[in-house]
Amino acid sequence: MKRASDILRILVFLAAALILNFPVIATLVTSLKSNAEIARNPGLWVEAPTLGNYAAIFDAAGRFDVWTFLNSSLVAAAIGTILPIIVCFPAAWVMARRGVGAAILFPATVNLRTLPLIVFAIPLYIMYQSLGLLDTRLGLGLILAVVNLPIALLILVNTIRDLPVDLEEAARMDGASLPTLLLRIVLPLCRPGLVTVFILGFITAWNEFLFGLMLTTRDAVPITVGASFFFASGGGGVEWGVAAAIIVIAAAPPVVLGLFMYRHIGGSMTTGAVKG
Amino acid sequence: MTGIVLDGIGKTFDGTRIFDDLSLSIRSGELIVFVGPSGCGKSTLLRLIAGLETATEGRIEIDGRDVTQSEPHDRGLSMVFQSYALYPHMTVQQNIAFALHTERLPRDEISARVAEAARILKIEPYLDRKPKALSGGQRQRVAIGRAIVREPKAFLFDEPLSNLDAALRADTRVEIAELHKRLGATMLYVTHDQVEAMTLADRIVVLKAGRIMQIGTPHDLYTAPANTFVAQFIGSPRMNLLPCEQMDSTRIRLPGGSIEIPSLPCRPAQIGIRPEDLNLVAPTEGRLRGQVVLTEYLGADRCVHIDLGEVRVTLRDAGSSPKIARDGEEVGLAFDPRRAHYFDAAGDAINVISVEAA
Amino acid sequence: MTRPARLENAILTAPLVVFLLLLLGFPTILDLVYAVSEVRFETLRSPSFAGLSNFTAVLGDPEFWRATWFSLRFAIVTALAECALGLFLAVYLAPLLRRAPWLLAILIMPMIVAPAMMGLMYRLVLHEFIGPLPNLLYAWFGTSPGFLTAQNVFTTIVVIETLQWTPFALLLFHMAYQSIPEDIREAAAVDGTRSWRLLTRIELPLMLPTIGVALFVRFIDGFRVFDNIWTLTGTGPGGSTTSLAIYIYVAFFRAGEIGEAVAASIMLFGAAFVLLFAAARWSTRGVR
Amino acid sequence: MTIRQTMIGIAGLTALCAGSVNAEVTVLGWPGGPEEEALRVVAEIYNARPEVAEEDRVDLLFFGRDGFFDKLQADLAAGSDAFDVNLLATYSIGRYAPYMEPVELSDQAEDVFGETVLSTMRFEDTQYGVPTDLSMHFLFYRQDLIDALLADDTARETYATISEEYLGEAMEPVAPDEMTWRDFAATALYFTAAVNPDSPVRYGTVLQMKNLLFNIMVFQSLPRAYGGDWMDDEGNITVDSDAYREGLELYKLLYDAGATPPDSLSYEFPEANAAFTSGQVAMMVQWSGAAGALLDTDAAPVTAEATRSVAPPAGPEGRFTHIHGLGLGLNANAQNPEGAKAFLEWLSTEEAAVEYARAGGAPGLTGTAIEAVAEERPDLVPLGEYASDYGYVMTGATGANALSVYELQAREFTGYWGGSQDLDATLSATADGMADLLKD
């Protein structure tokens, strides 16, 4: 009886895992097929696995420079992840410890999470154009930072609130100035929260598409947008195997990060969602 | 050495009045214990002295210097927190040295001082460990080490033993007492545990709801509590308080009997008798009569709980006492009225000295 | 608060405030200016005042209402489906996930994949001739539906969105479910409560706040959907998969109707604000 | 630091990162295809020429295709000087003309490209660019299937029955180069399993019906063959015509009959190619640029050998193929206009055009130029021929809002095909929208 229900549960799990991840699995499989095989054999079985599609992507550096895309994604996502931490950390401390900004600043920032950010996309485009930030990694990183701001502030405020005040008082007794207190005591203690903010922010930033599509053209095109170029129509040949491979490459970094750090994602999602 | 003076301290917190015109003078080199039930303001008082809270009114002087508005660090005090508040991301060595680094002392002096503190507290083997890897007792020593190393004008202890188990607590209590003797430093110690207060203190400050109930040596407090609160707070089991009614100038009526009393300046409303001052006698012999409810055997001692009509009293005598007190047995209680404490209707002690003089 | 503390607070919050003002404050002003201007790409720096004509144009555009209706419907359906499915999986698989928490990582993988990439993947996966899914269906049933026909496309993208974000709901519910103290369950078990009653009378009520939050978050995210639809079907046959975000993007980039795009943005902003306000009211009342 | 100073600081910083100072001719090309390969080759040849000064060398720039023309317009409108020479396309010349300078062609240009091709780079009688690539549509079909049909009498009977049922007249199968659009439809229906259970393939054709402007370009030749146009000489919008009705209805008929995959409403270039190369489709109208992939036995192992191409089917008004050219023109804000002019002039010489063709580009060539490359690039021969014989550009399709017109048509037409609106509503909405876009 017990055994039977357990087996059923495992079956349900397998079915859910398979269905939810079906597109990922299918794309991965397709990326390992030659173009000839794709036309002949669209199934989930690879007859002659090949890494040719991946090689083709990196060979076609002249066509689409995948390294540049990846580099742009990395730099922009790094800016978009680290900047919110820098900007939010001191504010989060003031909010958590002194209740400052509880009326406006905190809710305003956190509620950005619920705003469709496309409402800012157009003026940002115009502003970026006059500032020369269009198609720059810095420009993309800045807006990714805005995207990550709410979750960063929320998690940091909650993290700091959960830290024992004693430690900060001890540091004050020990003569720590405010910067020392924040940097030598509070910041290191926030590490779990920071890791969470970083992972979640990095995944969000890496996966962002709309701003990448609107605000970049060439120099700062992130990999998500770059991958979609491989599907672009209007001439040339689209090679589905190569397209599958570029999707896999584009999706891989956050997925790998997420799989290793899934615990952090779980915790932060809860904080981010429940308290937001 | 240092004296600390609190003068007319007032503190309002979120609209609630916590202290009102509280004054206190602490002598240099003294170990003074703030004791009281939770919520009495003893910790807040310590934090006011530490500078972690700012007084709404009044002055705080340390060593004759007005520090009312000074930052915690500028007051030259060290504090040991209830949670120890060790920095979890630093090693023991770094924890102890942190304050010295913020003072920008030369490196070799820092290591010398840390080594000295570690030696005193016998924590040398753990210097490279993180707090996580230490036992409760070891953490407690590190916390003290962190306080010592700054060579402060005074040490502040905020319930430093409450996170330790009973056995360790007794040991550490002794160590703190030794440390006080060795360093001769001023120490302010907060606890809710009257045993700690009695064993450690040079003087005890008993607080209740933000007011000082009594200041005095443990002996003073025990033998001459200023009011029923102190009387019941200090001593274990706590003092028996019996309502009384004056019959004539020399006799009062108590539940379960009446006694002859020494001359008192005014009429007592309550009489307090410590459990060890009560003696078990034959029902006919005692001043009071009651019925045994329960006997607790504690080894060296035993406690006998006796109902005197409405009121229950506790008696303590030697565990080896031959007098048998079975449950439900009718017994008599004897005591020396001169060792009893007399309180007026407000609960304040009626001058004890005149009792002794009589 | 003392003066130095106030100064400290100002200094410490300054980076956040300045950053917000620079990146969002200025664009908001620009939004307001352009919303009442006649402006094209060529005249970005010299917009001419056009009153409320952009708003009337947008409000009079049936496409706008269609996009609004689309987003609303999409958000409601996906939020409900994701939460229902997520709740089922979280509760049903709880014993399994307690024993092997890493299984959760497999289930939440879809939500870590960029939605835009997910859209591209489905372009491949659903393709009748090279897509594994139709291939499987042909092999098993001898036929495969047109996933992206005008009739089916809405269902298809709803399913796609649901499959990607059910893990989000699952994760939230998993956390909420695991955080129900074990002694409550044990107490109920001692009382002889059967598992179905345990679920409906004790566990679900305890998870109710989380369910509310998950519905709200998924609704919001569904309402502003862009990436996956854009990369899969674009605006869809005759604009049938045009969400509000896609409407704005197309108005801006494809049609160059900047004023109207901005006016639509502002209305979306307003709607989000109202929604947020309502949610805040609702949640505080719920707490009381 | 004030906000203003900060902004200036940021701007300056990014300017430093972005704009490396170069005394070169920067050319923004069409990315990601044979066009890019070919441009790279000719640029190298040009840079190696002895008379080209160091500071006039050509440096190439490419960025993604998605939103290319919109972004380029935004850049041009903003007065960007990041490139001296930029891409032009027939349907976007009108949008870019205000920010560009006319170009001067070499004396040979007329002989190399021919008038039709040169005109794809003209706006209001001014030459804004040198044509590089020519894009049009071919009818790709499976020779094996068509041959079998033509040779089989039973099949011919079925064909007649099917055409009678769907098109109202019993028809005879014809060879692809003689096909009218009605023949095309009849053949497509014949090869549709849903219509003809004996069909050797699943679908007769694959139509690209996604709401996307490029797909409407592919469609455009069908109404054109019935005499359709966007405007008449007086500037009246003529999209609400029998020709467009005929074309739209034919697409709808094929779609509803299942002659094209049900997902065709979301198909564009790659999906259509994938369908065709799977071997389940008898024929399709596709961009000439697909020829390479469709005829390559490695890329299309199932179908390449049997695949042939001809010009799109004919209509009452004749045979037409929508053409648009890609070309390169001069940015009005160019930093090195002289160097850019020199490069553009050279690009219009026979030498350059031939090299471009050899390197894989798809220029529309005539005369000695086409003879020079005929052997290496036989596919370019019909390109030039078709361009001059069948090529057309809709009236108004080089205007400033041409792309928006295609966008509009894409939305409206796909709405009709998808069944969300009827034909009358579709055409009147399209006509209204086009009147807005094309008025001035």
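How many residue pairs, both at pLDDT 80 or more, are in polar contact between chain C and chain A? I started my notebook with that one, and I kept in mind that this is a predicted model. The count I found is 9 residue pairs.

**Who supplies chain C's side**

I then looked at which element of chain C gives the most to the side touching chain A, and helix H1 (residues 3-35) came up with 19 residues. Sorting the residues on that side of chain C gave me 75 nonpolar, 7 polar and 8 charged.

**Charges across the contact**

I looked up salt bridges next and noted 3 between chain C and chain A. One of the pairs is Arg98(A) with Glu8(C), whose closest N and O atoms are 2.8 Å apart.

**Extent of the contact**

For the whole contact, I wrote down 90 residues from chain C and 87 residues from chain A. The two chains bury about 8100 Å² between them, and 81% of that is on carbon and sulfur atoms.

**Annotated spans in chain C**

Last, I turned to the record. An unreviewed UniProt entry lists "transmembrane region" for several stretches of chain C, including residues 12-36, 102-125, 153-177 and 198-217. I picked two of them to inspect. Residues 153-177 of chain C are 100% helix and 0% strand, with the end C-alpha atoms 35 Å apart. For residues 198-217 of chain C I noted 100% helix and 0% strand, and a distance of 27 Å between the end C-alpha atoms.

Methods. Residues numbered from 1 in each chain as written. Chains lettered and ligands numbered in written order. Predicted model: local features only at pLDDT ≥ 70, side-chain atom pairs only at ≥ 80, totals over all residues. Heavy atoms only, no water. Contact = heavy atoms within 4.5 Å. Buried area = accessible area lost by both parts, 1.4 Å probe. Salt bridge = Lys/Arg side-chain N within 4 Å of Asp/Glu carboxyl O. Polar contact = N/O pair within 3.5 Å; in protein donor to acceptor, adjacent residues only side chain to side chain. Helix = DSSP H or I, 4+ residues; strand = E, 2+ residues; numbered from the N terminus. Nonpolar A, V, L, I, M, F, W, Y, C, P; charged D, E, K, R; others polar. UniProt positions renumbered as here; feature names shortened; annotations may be inferred.
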